[in-house]
Amino acid sequence: MYQHRAITEDLYWIGGNDRRLALFENVYPIPRGVSYNAYLLMDEKTVLLDTVDKSVSDVFLENLEHLLGERQLDYVIVNHMEPDHCAALGQVLHRYPEAVVVCTQKALDMIGQFFGAFPALRSQTVKEGDTLTTGRHTLSFVMAPMVHWPEVMVTYDAADKILFSADAFGTFGALGGNLFADEIPFESQWLEDARRYYTNIVGKYGPQVQALLKKAASLEIQMLCPLHGPIWRENIGWFLDKYMHWSSYTPEESAVMIAYGSVYGNTEAAAFLLASRLAERGVRNVLLYDVSVTHPSLLVAEAFRCSHLIFASATYNAGIFPCMETLLLELKAHSLKNRTIGLLDNGTWAATAGNQMRTVLESMQNMTILEPVIHIKSALTEAQLPELDALADAVAASL
Ligand SMILES: Cc1cc2nc3c(=O)[nH]c(=O)nc-3n(C[C@H](O)[C@H](O)[C@H](O)COP(=O)(O)O)c2cc1C
């Protein structure tokens, strides 16, 4: 049964929701599911904006066929060629061979790579500022390379001031009937997933996102239609501000995240003592995470949110505790920068985790490592409490 939704008088959401997928990109847990948004503009010409993942392609095709009825599909705009948005493209082109695919040259190349040759493919490649008039609407194309993939562009509808923003402004979380961000408690129930989505999926490409935000600033935008999650028509400035922070690697809050990796509990105990010492100094909302039981994607998101990051690790086979090493390499891979760092390590015969964590962190940009670094020999001693206090003082003073 079709389940399309009207957005305006001639624009429809025709996507689908997947609540069964355990791991997005086979990496990121999505307990609240994910939506794959596609849009259909029913102007004098009909225009499909992106398609969907294969998991929801049946309902998407039903939506498309039901809305089109006897009309033909004139254009398919491909903003992003990642398979979670283009898996159904092949089926669309087989059903509507007269449709003209509008995309970047790079996306056109990818169509050939993913689907093989479509001998009868009708295509129109576009560049920055090119436009397509479909009747009442004039769509213009804004290049957004590496706002996830190199072929990405976004599409601006000048008539209704809508930006079809591809993966930008997306979030994890399936839609539950409400289509608009202003219809759901976004800040309290969705922001965490939006941050986890941005930081993990697009977070590495901050400069490219900044470039897109700069271009978007010159457009009057009344609605943001992303490829995942709810549509924005109110409070867009608030969400843009989040993107400004995330893409410039500016902490959202003066806050402390402590992540520890511990086998027998002694490093954990020291991390908890440090957290308590911070609380005694009036630091609020200190967050303590065990890296062994917390998915790195959540810790990456938290690291983007917090100004201060403390890493406490047992030494493991002359290296960093494995889950901690994974976290640090993930943070580096996502280009995190501009943070204040505290370090604790532990070892029974040769503690090397501290130096190795420092090496990773010093290879990242603008990471300020606070002194003292705490070195524990198996278990923290009374004699080390002044050192722990000194680190707590340094963190509190720099917040
Ligand atoms: C598999 C394994 C490898 C370890 N390798 C080292 C090591 O290379 N150097 C060292 O000093 N301690 C090593 N240790 C010991 C722990 O780092 C040490 O006992 C530490 O105090 C554990 O802290 P925890 O109580 O937080 O787990 C290793 C422990 C395990 C289980």
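1. **Ground rules.** Residues are numbered from 1 along each chain as its sequence is written. The model is predicted, and local features need pLDDT of at least 70, side-chain atom pairs count only at pLDDT 80 or more, and totals for chains, interfaces and linings use all residues.

2. **Two domains.** The protein chain splits into domain 1 (5-247) and domain 2 (253-398). These bounds come from an automatic or database domain assignment. The domain centres, taken over C-alpha atoms, are separated by 38 Å.

3. **Where the domains touch.** On the domain 1 side, 10 residues are in contact with 10 residues of domain 2. Contact means that C-beta atoms, placed from the backbone, lie within 7 Å. Strand S5 (28-29) and helix H5 (186-202) are the elements giving two or more residues to the domain 1 side. H5 gives the most, with four residues. Helices (H or I, at least four residues) and strands (E, at least two) are DSSP runs, numbered from the N terminus. By type, this side of domain 1 has three nonpolar, four polar and three charged residues. Here Ala, Val, Leu, Ile, Met, Phe, Trp, Tyr, Cys and Pro count as nonpolar, Asp, Glu, Lys and Arg as charged, and the others, Gly among them, as polar.

4. **An open sheet.** Seven strands line up in the order S1-S2-S7-S8-S9-S10-S11, with mixed pairing. Strands pair if DSSP finds at least two bridges between them. S1 (5-6) and S11 (122-125) are the edge strands, and each pairs on one side only. Helix H1 (residues 57-68) packs on the sheet and touches S2 (11-13), S7 (39-42) and S8 (46-49). The direction of H1 makes about 5° with that of S7. Such angles run from 0 to 180 degrees between N-to-C directions, and axes are lines fitted to C-alpha atoms, for helices over the stretch in contact. S9 (residues 75-77) and S10 (residues 100-103) run parallel, joined by three bridges. Ile77 sits opposite Val102 of S10.

5. **Strand S19.** Is this strand enclosed or open? It is largely enclosed by the rest of the structure, because nine of the 11 residues of S19 are buried. Buried means 20 or more other C-beta atoms within 10 Å of a residue's own; 12 or fewer is exposed, in between is partly exposed, and C-beta atoms are placed from the backbone. S17 (residues 253-261) pairs with S19 in the parallel sense over seven bridges. Gly261 has Ser313 of S19 as its bridge partner. S21 also runs parallel to S19, with seven bridges. Phe311 faces Leu343 in S21. S20 (residues 319-320) runs antiparallel to S19, with two bridges. S19 and S20 form a hairpin with two residues between them. In that turn, Asn317 has a positive phi of about 50°.

6. **Asp345.** This residue lies in strand S21. Asp345 counts as buried because it has 27 C-beta neighbours inside 10 Å. Leaving out residues up to four places away in sequence, Asp345 touches residues including Ser313, Thr315 and His375.

7. **The ligand shell.** Around the ligand are 19 residues, of which Val263, Tyr264, Asn266, Thr267 and Gly347 come nearest. A residue is near if its C-beta atom, placed from the backbone, lies within 6 Å. Helix H8 (266-280), S19 (306-316) and S21 (339-347) are the elements giving two or more residues. The shell holds eight nonpolar residues, 10 polar and one charged.

How values were computed:
Contact = placed C-beta atoms within 7 Å.
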